[in-house]
Amino acid sequence: MMVDKLDFKKKYKDLYLPGTDPVLVEVPPMRFLMVDGKGDPDGESYPLAVQKLYTLSYGIKMSKMGEDKPTGYFEYVVPPLEGLWDSEEVGFDPNRDKWVWTSMIRQPDFVTEELLDRVKERTAKKKPELDLNDVRLAVFEEGLCVQMMHIGPFKTEPESVARMTSFLEANGLTENFNDLRKHHEIYLSDPRKTAPEKLKTVLRHPVKRL
């Protein structure tokens, strides 16, 4: 008998599958595996962070095997990669070496620190070359945001951001960035397999009412 798998993208379409026009969304608290880093995403640190996140996320998904199946476990599809982006400088510096980022993947609510530690321990035995100490489990709460689907290469994202800014101005809202709430991207396409003009990326900015 086939067991239905929870696909977060399909169940929570308002969060993962917005249209190509800016909309407001209230984002609830969600559990993530996160890795913080700095520098050009084309450098070594960012791809390594992504590798760690996927390795542990699939390790957690397969934790159903064996005697220590997590309490409350259910079948699910591993959610997409996401990223929070900022700069060491005030404003967003185009110098990619000064970028500050958090790479992250959403986790089901049954994931605990204890479970993550067990999966880290098992993973370390299979892949001792991976230092997993910087991967953390955290609850992230964004609250009120504006978001839209950006279709196209990453370099054209400023065009979509400008549309979101115009939407805010027309609706009595303003961006509300701080140390936790930042420029947020959700990657629905694999850039290794998708033409740049067809890439789908959810863009999300925290906002507040004037």
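Q: How much space lies in the largest cavity, and which residues line it?
A: Rolling a probe the size of a water molecule over the atoms shows where empty space is left. A cavity is a set of points, on a 1 Å grid over the protein atoms alone, where a 1.4 Å probe fits but cannot get out, and its lining residues have an atom within 4 Å of a point. Points join across faces, edges and corners, and the volume is the space filled by probe spheres set on them. Here, the largest cavity holds about 30 Å³ of space. Searching the whole structure turns up one cavity of 30 Å³ or more. Its lining is F154, Y187, L188, S189, P191, L199, K200 and T201. Keep in mind that this is a predicted model, with local features needing pLDDT of at least 70, side-chain atom pairs counting only at pLDDT 80 or more, and totals for chains, interfaces and linings using all residues. Residues are numbered from 1 along each chain as its sequence is written, and side-chain values use heavy atoms, leaving out hydrogens and water.

Q: And what about the largest pocket: which residues are closest to its centre?
A: A pocket is an open set of points with protein on both sides within 12 Å along at least five of seven lines. The largest pocket here has about 1,300 Å³ of space. It is lined by 40 residues, and Y46, W85, F154, E185 and Y187 are the closest to its centre. Going by DSSP runs numbered from the N terminus (helices H or I, at least four residues; strands E, at least two), two or more lining residues come from each of α3, β3, α5 (157-170) and β8 (183-187). Helix α3 has the largest share, five residues.

Q: Which residues touch the most other members of the largest nonpolar core?
A: In soluble globular proteins, nonpolar side chains tend to be buried together. A core joins buried Ala, Val, Leu, Ile, Met, Phe, Trp, Tyr and Cys through side-chain atoms within 4.5 Å; buried is under 20% relative accessible area, exposed over 50%, partly exposed in between (1.4 Å probe, protein chains only). In this model, the largest core has 43 residues, and L33, I60 and Y76 touch the most other members. Helix α3 (residues 45-61) gives the most, six residues. There's also a separate second core of nine residues, including M148, M164, L173 and L203.

Q: What does Y76 touch?
A: Contact means heavy atoms within 4.5 Å. Beyond its neighbours within four places in sequence, Y76 contacts K5, L6, F8, S57, I60, K61, P108 and F110. A charge sits over a ring if NZ of Lys or CZ of Arg is within 6 Å of the ring centre and within 35 degrees of the ring normal. The charged end of K61 sits over the Y76 ring, 5.2 Å from its centre. R106 likewise lies over the face of Y12, at 5.0 Å from the ring centre.

Q: How are the rings of Y76 and F110 arranged?
A: Phe, Tyr and Trp rings (six-membered for Trp) pair if their centres lie within 6.5 Å; planes under 30 degrees apart are stacked, over 60 edge-to-face, the rest tilted. Twelve aromatic pairs turn up. For Y76 and F110, the centres are 6.0 Å apart and the planes at 65 degrees, so this pair is edge-to-face. Y76 is in the loop between α3 and β3 (81-87), and F110, 34 residues apart from it, is in the loop between β4 (99-107) and α4 (113-126). Both Y76 and F110 are buried. Elsewhere, Y46, W85, W99 and W101 make up one aromatic cluster.
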